[in-house]
Amino acid sequence: MNKTFLITGGAGFIGSHVVRLFVNKYPTYSIVNMDALTYAGNLENLKDVQTAANYIFEKGDITDEQRVNELFEKYQFDAVIHLAAESHVDRSILDPLSFVKTNVIGTVTLLNASKNYWKGNMEGKRFYHVSTDEVYGTLGETGFFTEETPYDPHSPYSASKAASDHFVMAYHDTYGLPVVMSNCSNNYGSHHFPEKLIPLMINNIKNNKPLPVYGKGENVRDWLFVEDHARAIDTIFHNGKNGASYNVGGFNEWKNIDLVHLLCNIMDKKMGRAAGASAQLISYVTDRPGHDLRYAIDATKLNKELGWSPSLQFEEGLEKTVDWYLNNEEWIKHVTSGDYQKYYQQQYTKA
Ligand code: NAD
Ligand code: DAU
């Protein structure tokens, strides 16, 4: 079936995998990628699809109402898959307001445009909001986040995502907007910006730089291969229930310090270093304020209702990811030049 999609944030980490999947899998869909190209957005991520007949890039900021309306007018979108966001917790601690602007005001701007353009004809339309498990706050040693877990965000990032989730559901309840939402755990894979744990550690190990582990490294994250998340978004977009949310996760919990050791071991082998050499670089640093102890997703609903499950074992996915970074030095060089250095200094040279 022919459909025109607005995908926001398609030049970022997860967005680029979603754009690639939809462009390649659905030749009858027209995919318009709207992205402001912030420090995290990079059109190099989409080199392989940039000339595809069903793909168009439009630079634009989701908080710019005029630009958003202009694109709705021009393309008459049938569907929105909304990924554009400020996404890094540490940056949200440095500058909360930019998270409110993009994640809250930007989301509401898109919701308004969808509501206005689809008014009187919501048939076949869908607004898909991509959210995070961080809205649920933190777990203790046991238990899982389900779709019924109450929201309890602790960082400016997760608070802004929680607010955007509430607006999405409020537009469904108040205006009948056809929405669907997912809350996913930590992703990893290619094209991941090296401010986040896994790519930052790979890059630092490679360059023999200190590996900054926050606190005691005891915090736990539940890691999912990014292409599995993109597949989940495809499944939920096409088969998810109107007004529903779905948790997405890998049933794959790792303590940060164990994960860093695993990466060090993989890198020692790949770089021909003596066993244990890279682990010498581990350096415990001041903890992240408000640092959530543990995230773990119960993705049973998505599995039972829509048949999705993760495809890759973690060790295999990590090997693939490390290989991608080692084979894409130019990409790393480009994204770590300029502003990245300034951010790195500010974040990692505190007292
Ligand atoms: P990212 O930071 O890699 O990419 C964000 C993209 O949004 C970039 O291309 C950026 O240029 C664009 N963008 C930022 N502000 C914008 C604006 N005002 N207007 C238009 N474009 C703008 O993020 P990501 O890790 O790919 O995350 C994508 C989405 O998935 C986010 O909504 C995030 O909350 C959610 N999420 C991420 C993870 C994860 O582990 N990375 C897990 C669960 C959910
Ligand atoms: O859970 C989903 C979320 O996962 C997404 O919504 C966010 O967009 C995404 O950034 C990610 O958030 P985290 O804060 O969990 O990811 P990050 O990679 O920043 O950190 C992972 C863990 O590693 C966390 O416990 C903090 C720790 N850490 C992180 C960095 C950058 C370190 O110990 N040292 C570091 O230098």
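A charge is said to sit over a ring if NZ of Lys or CZ of Arg is within 6 Å of the ring centre and within 35 degrees of the ring normal. In the predicted model described here, the charged end of Arg294 sits over the ring of Phe144, 6.0 Å from its centre. Lys115 likewise lies over the face of Tyr175, at 4.6 Å from the ring centre. As the model is predicted, local features need pLDDT of at least 70 and side-chain atom pairs count only at pLDDT 80 or more, while totals for chains, interfaces and linings use all residues. Residues are numbered from 1 along each chain as its sequence is written, chains are lettered from A and ligands numbered from 1 in the order in which they are written, and side-chain values use heavy atoms, with hydrogens and water left out.

A pair of aromatic rings is described by the distance of the centres and the angle of the planes. Rings of Phe, Tyr and Trp (its six-membered ring) pair if their centres lie within 6.5 Å; planes under 30 degrees apart count as stacked, over 60 as edge-to-face and the rest as tilted. A search of the whole structure finds 27 aromatic pairs. One of them, between Tyr75 and Phe77, is stacked, with 5.7 Å centre to centre and 25° between the planes. Tyr75 is buried (under 20% relative accessible area, where exposed is over 50% and partly exposed in between; 1.4 Å probe, protein chains only), its value being 16%. Phe77 is also buried, at 2%. One aromatic cluster is formed by Tyr39, Phe193, Tyr214, Tyr340, Tyr344 and Tyr348.

A polar side-chain atom of Thr132 lies 2.7 Å from an oxygen atom of ligand 2. For Asn186, an N or O atom in the side chain is 2.8 Å from an oxygen atom of the ligand. A polar backbone atom of Tyr214 is also 2.8 Å from a ligand oxygen atom. On its own, ligand 2 has 690 Å² of accessible area, of which the protein covers 94% (Shrake-Rupley method with a 1.4 Å probe).

Technical notes:
A polar contact is a pair of N or O atoms within 3.5 Å; within protein, one must be able to donate a hydrogen and the other to accept it, and residues adjacent in sequence count only if both atoms are side-chain atoms.
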